[in-house]
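Colleague: I have not looked at this one before. Can you walk me through it?
Modeller: Here it is.

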Amino acid sequence: MKKSLLCTLLMLTMLSCKQNSYDVVIVGGTPGGIMTAISAARMGKTTLLLERTSHIGGLPANGLGATDIATRGATTGLFLEFVNNIKQKYADKYGEDSQQLKDCSDGYHFEPSMAQDVFDEMIADIREETVKFCYNVTVTTNTERRNVVSGPSKASKEDYKESAPQGAPGEAP
């Protein structure tokens, strides 16, 4: 029953985001959600990413500026691409011999603004092709009373419209 309720909720949300169907629906614009969207897009899948705030990036773009991976040699995939992009941004901005580049610890330590820039750049190439972002969307669960489903509920002034904050990748400010 819960699975069918979730499917109904996601279908209603997708319909209101101006496309009839998506191959992948992601709830949350955290690093995991962003990397899932990038991966799906690179595989040619149409993707809808629902974010409850006005921007994506989660903790790394909002203040958590260090990763705690002790075995860096085990880092692969999109996360390795992310940390390499962080390191390159520091090299480009401050120079190859800068203290900032040394302090970024090969891209594993970073300022939130650097993380946001890297996330934005990583999605810029794929955004218009296959990924749609819906901001300011709150996905809540349906409620069941006496075997009758009421809902889905929503708590968003945007009414699940496809939207982007000013300055979002691919959008004019």
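Modeller: One term to begin with: a residue is buried if its relative accessible area is under 20%, exposed if over 50%, and partly exposed in between (1.4 Å probe, protein chains only). This is a predicted model, where local features need pLDDT of at least 70, side-chain atom pairs count only at pLDDT 80 or more, and totals for chains, interfaces and linings use all residues. Residues are numbered from 1 along each chain as its sequence is written, and side-chain values use heavy atoms, with hydrogens and water left out.

Colleague: Fine. Which residues of H3 are buried?
Modeller: Leu78, Phe82, Val83, Ile86, Lys89, Tyr90 and Ala91. The H in the name marks a helix, a DSSP run of H or I with at least four residues; strands are E runs of at least two, and both are numbered from the N terminus.

Colleague: How many residues does H3 have?
Modeller: H3 covers residues 77-94, which is 18 residues. From first C-alpha to last it reaches 26 Å, close to the 26 Å expected at 1.5 Å a residue. That expected span is 1.5 Å times one less than the number of residues.

Colleague: What follows H3?
Modeller: Glycine 95, with a positive phi near 105°.

Colleague: At what angle do H2 and H3 pack?
Modeller: About 110°, and the axes of H2 (residues 31-42) and H3 are 10 Å apart. Axes are lines fitted to C-alpha atoms, for helices over the stretch in contact, and angles run from 0 to 180 degrees between N-to-C directions. Since 65 to 115 degrees counts as roughly perpendicular (under 35 is roughly parallel, over 145 roughly antiparallel, the rest oblique), H2 and H3 are therefore roughly perpendicular.

Colleague: And which residues meet there, between H2 and H3?
Modeller: On the H2 side, Met35, Ile38, Ser39 and Arg42; on the H3 side, Leu78, Glu81 and Phe82. Contact here means heavy atoms within 4.5 Å.

Colleague: Different topic. Where does leucine 64 lie?
Modeller: In the loop between strand E2 (47-50) and H3. Its relative accessibility is 43%, so leucine 64 counts as partly exposed.

Colleague: What does leucine 64 touch?
Modeller: Leu59 and Phe110, leaving aside residues up to four places away in sequence.

Colleague: How many helices and strands does the protein have?
Modeller: There are 5 helices and 5 strands, in the order α-β-α-β-α-α-α-β-β-β along the sequence. Of the 173 residues, 38% count as buried.
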